Amino acid sequence: MKEIYTLADLQNWDRVQEKSAAPICLGVSGDPVAHSFSPQMQNAALRACKIKMRYAKFQIAPGELADALQLVRDQNFSGLNLTIPHKAAALQHLDAVDENAGRVGAVNTIKVEKDRLRGFNTDGKGFARAIREEFSVDLRDLRVMVLGAGGAARAIALQCAKENCERLVIANRTADKAEQLAKELRDFFAGPRVFGPGPRLQAIPWEESAFRFQIANIDLVVNATSLGLNRADPSPIPARLLAPHLMIYDTVYSRDRTPLVSAAMEAGARGVNGLSMLLHQGALAFEIWFDREAPLDVMRKALGRID
Ligand code: NDP
């Protein structure tokens with residue numbers, strides 16, 4: 001099996017596929033895609049469930065997405081995961097999109113049903129399961145500050161809203177996007193649930209003083225920006241603001257501690273990276289493709305976590 005397949009490979013799929021091995025019927029498409037941990041996790045799940053299919057990486061440029069999706073439809077794939085930069089762009093090429101993915105405006109999982117492509121987004125639910133697993137607490141009991149307003153942040157903020165979290169504060173470098181997201185979620189927070197000072201739903205400026213003002217009334221800080229993907233990136237929130245009462249969830253995933261997680265621990269706070277979200281969004285995708293429970297322990301072990 002090749003490490004990474006391309007659009008040209010999909011166009012010559014009969015020749016590219018090894019006849020002696022289980023067919024590649026699933027994959028992750030992105031640009032770049034080399035860093036993805038999904039194949040090791042999904043292939044371990046397929047083997048454990050004795051499903052004779054394999055999962056591969058597909059390097060697909062933005063201008064190639066429509067053709068790639070058409071080929072996936074034609075080549076009898078079962079499904080696909082999407083990563084940066086295809087999650088929002090894919091919406092226009094699908095035959096149906098579930099309510100959650102439509103609201104988020106991004107698709108991370110496609111199921112091929114006969115020759116129809118159906119889009120889902122498992123990031124929000126995957127995030128909720130990750131928080132429960134990592135911190136033994138439900139979103140409904142938390143005051144959450146989400147940093148970012150891109151695809152991942154929108155999925156996470158919507159999940160927090162659906163689970164009726166105590167407070168939701170959204171901060172994004174481009175303020176309009178945070179304000180727009182808060183506006184879209186307003187109806188979820190219209191109920192009578194009242195806690196402590198400050199509004200239950202708020203978009204705040206991307207400024208240290210604004211973060212500082214919120215911290216005492218926040219339990220969980222989520223980094224859903226792309227800051228941290230590169231080691232040299234600055235922290236999305238100044239380390240001096242991190243306090244021992246906080247839980248910090250960094251959606252950036254890595255086998256090591258991310259710089260934000262290290263900073264959280266130095267401050268006496270609890271901090272974890274996005275590996276658990278990757279696991280749970282992947283398990284949910286597996287369940288969509290096969291209508292059966294995913295072998296979570298096998299998948300977790302394949303990601304290098306043996307908890
Ligand atoms: P998007 O491109 O949709 O959004 C990127 C976000 O990061 C935007 O809010 C953007 O702000 C912000 N941002 C980018 N650069 C900077 C900067 N220099 N300073 C401040 N903010 C910045 O990406 P996604 O939402 O798809 O991904 C975001 C993160 O989530 C990534 O790190 C990704 O790895 C992670 N992720 C993890 C998953 C998991 O399973 N663990 C699943 C999905 C995503 P602006 O609007 O101003 O541009």
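## Around the largest cavity

Which residues line the largest cavity? In this predicted model, the lining is made up of Asn223, Leu227, Gly228, Asn230, Arg231, Asp233, Pro234, Ser235, Pro236, Asp250, Pro259 and Leu260.

By class, the lining of the second largest cavity divides into 7 nonpolar residues, 1 polar and no charged.

## A salt bridge across the sequence

Now for the charged pairs. Side chains of opposite charge can pair when their charged atoms come close. How many salt bridges does the structure hold? The count is 16.

One of them joins Glu18 and Arg54, whose closest N and O atoms are 3.7 Å apart. Glu18 sits in the loop between α2 (13-16) and β2 (24-30), while Arg54 belongs to strand β3 (residues 54-59), so this pair ties together parts that are 36 residues apart in sequence. Is each partner buried or exposed, or something in between? Glu18 is partly exposed, at 31% relative accessible area, whereas Arg54 is buried, at 14%. Arg54 gets that label because its value falls under the 20% limit.

## Pairs within a helix and along the chain

Helix α5 (residues 99-104) contains both Arg103 and Glu99, which lie 4 residues apart, about one turn of the helix. Their side chains meet in a salt bridge, with an N to O distance of 3.1 Å. Arg103 counts as partly exposed, with a relative accessibility of 39%. Which residues are linked with this pair in a network? Lys162 joins Glu99 and Arg103 in a network of salt bridges.

Another salt bridge pairs Asp141 with Arg140, and here the closest N and O atoms are 3.5 Å apart. Asp141 is partly exposed, with a relative accessible area of 37%, and Arg140 is partly exposed too, with 41%.

Technical notes: Residues are numbered from 1 along each chain as its sequence is written. This is a predicted model: local features need pLDDT of at least 70, side-chain atom pairs count only at pLDDT 80 or more; totals for chains, interfaces and linings use all residues. Side-chain values use heavy atoms; hydrogens and water are left out. A salt bridge is a side-chain nitrogen of Lys or Arg within 4 Å of a carboxyl oxygen of Asp or Glu. Helices (H or I, at least four residues) and strands (E, at least two) are DSSP runs, numbered from the N terminus. Buried means under 20% relative accessible area, exposed over 50%, partly exposed in between (1.4 Å probe, protein chains only). On a 1 Å grid over the protein atoms alone, a cavity is a set of points where a 1.4 Å probe fits but cannot get out, and a pocket is an open set with protein on both sides within 12 Å along at least five of seven lines; lining residues have an atom within 4 Å of a point. Ala, Val, Leu, Ile, Met, Phe, Trp, Tyr, Cys and Pro count as nonpolar, Asp, Glu, Lys and Arg as charged, and the others, Gly among them, as polar.
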